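Hi everyone, thanks for having me. Today I'd like to walk you through one protein chain, going from the overall picture down to a few single residues.

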Amino acid sequence: MSSFLYFILPALGGYTLTSVYLLKNPHILHRRKRTAFYCTHISHRGGCGERIESTMDAFTNAVEQGTQMLEMDCHLTRDGHVVVSHDENLLRQTGHDVTVSSLNLQDLPLYKERLEVTFYAGRYSSGPDRKFSLLEDVFRKFPKLPVSVEIKENNKQLMEKVSDLVRCYNREEITVWASVDSAIMMECRRTNDSMPYSFTMNRGLLLLLLFYSGLLPFVPLGESLLQFYLPRVINRTYIPEEGILRNKLVISLLEKVTMRKSLFKHLVARGIQVHLFVCNEDEDIKAAFEVGATGVMSDYPALLSSYLCRNRSQD
């Protein structure tokens, strides 16, 4: 036993020291990623706290407020149009229990006049524009603005249509594939591997495992963005009252495990942007930046712009 420890302890010590050193100096093994964009201000669903989510009015308002990236989800209508909509079923958004894929573009219902903000319970948005947007209209109106497109369903035709629009508008460097599902992301990348892409849920869990095992500095990463919930936001606004994630102890543990400044610093040093969401209060925005986020995603682009302006003036 003593001879075993004689060999294993120095080996473990050497591995630990090497891992820690490379965690802080990733350029030794990895070339820094060079994305065509760097975004601090990201508007969730186009800034759905100030205008009805994912409408052209919302996107226009977000851009006027100084956003640097629009985040959105897309689905395909029955007649083949790529529509910007968070949900496939439109009951929450319109009051009609129908799906995007079952309707032609011209038959899509209007959004409700007042729509509750998902990540800010009890708050509502409204506006004159209640029509669903086409992804092509977003690309046409904002040709230079980075966009994160989340794909929620394993629909090859949808991915091909999105990719065709990205190529048509010459946006491959500034349009991001996003999905929580690794199988969907794999298909997105097969469809167009020139677009940057974000971590999926499984890849995010693997990232944490690699970090805590000390292997992360040795492993190549293809992703360009990590987009992740700020845990306190999940606790406050998203998980049902009876869910285990409502437990403050669980959330505190989740925050300690996931919100690691050394992890985020390592990713940033490798050229991977870290976006935390959905931050709708000043204290959430502050917490996200303090833990090492390079960007914050908010439902309130004016609020985020105000925070950034005030804190730049204090620096």
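Before we start, one term: when I say that two residues touch, or are in contact, I mean they have heavy atoms within 4.5 Å of each other. And please keep in mind that what you see is a predicted model.

You'll find Thr-40 in the loop between α1, residues 2-24, and β1, residues 41-43. So what does Thr-40 touch, if we skip residues up to four places away in sequence? The list is Gln-68, Phe-289, Thr-294, Gly-295, Val-296 and Leu-308. Is Thr-40 buried or exposed? With a relative accessible area of 18%, Thr-40 is buried, because buried means under 20%.

Okay, now zoom out to the whole chain. If you draw a box along the principal axes, the C-alpha atoms fill roughly 75 × 45 × 40 Å.

What about contacts across the chain? Take those between residues at least 6 apart in sequence: 65% of them join residues at least 24 apart. As for burial, 50% of the 315 residues count as buried. The accessible surface is about 15400 Å², and carbon and sulfur atoms make up 55% of that. On the charge side, there are 37 positive and 36 negative charges, and their mean positions are 8 Å apart.

Next, something from a record. The UniProt entry, which is unreviewed, lists residues 6-23 and 205-230 under "transmembrane region". How does the model look over residues 205-230? That span is 35% helix and 19% strand, and its end C-alpha atoms lie 15 Å apart.

Gly-204 sits in helix α7, which covers residues 201-213, and it counts as buried at 17% relative accessibility.

Now for some backbone details. Which residues have a positive phi although they are not glycines? I have two to show you. Arg-45 has a phi of about 50 degrees, and Asn-170 has one of about 55 degrees. Arg-45 is in the loop between β1 and α2, residues 56-64. Asn-170 is in the loop between α5, residues 156-168, and β8, residues 175-178.

Val-278 is in the loop between β10, residues 273-277, and α11, residues 282-290.

Last stop: Asp-107. You can find Asp-107 in the loop between α3, residues 91-94, and β4, residues 115-116. Its relative accessible area is 39%, so Asp-107 is partly exposed. Along the chain, Asp-107 and Thr-77 are 30 residues apart, and their C-alpha atoms are separated by 9.6 Å.

Key: Residues are numbered from 1 along each chain as its sequence is written. This is a predicted model: local features need pLDDT of at least 70, side-chain atom pairs count only at pLDDT 80 or more; totals for chains, interfaces and linings use all residues. Side-chain values use heavy atoms; hydrogens and water are left out. Buried means under 20% relative accessible area, exposed over 50%, partly exposed in between (1.4 Å probe, protein chains only). Accessible areas come from the Shrake-Rupley method with a 1.4 Å probe; for residues, only the protein chains shown count as cover. Lys and Arg count as positive and Asp and Glu as negative; His and the chain ends are not counted. The place of a charge is taken as NZ of Lys, CZ of Arg, CG of Asp or CD of Glu. UniProt positions are given in the numbering used here, feature names are shortened, and annotations may be inferred rather than shown by experiment. Helices (H or I, at least four residues) and strands (E, at least two) are DSSP runs, numbered from the N terminus.
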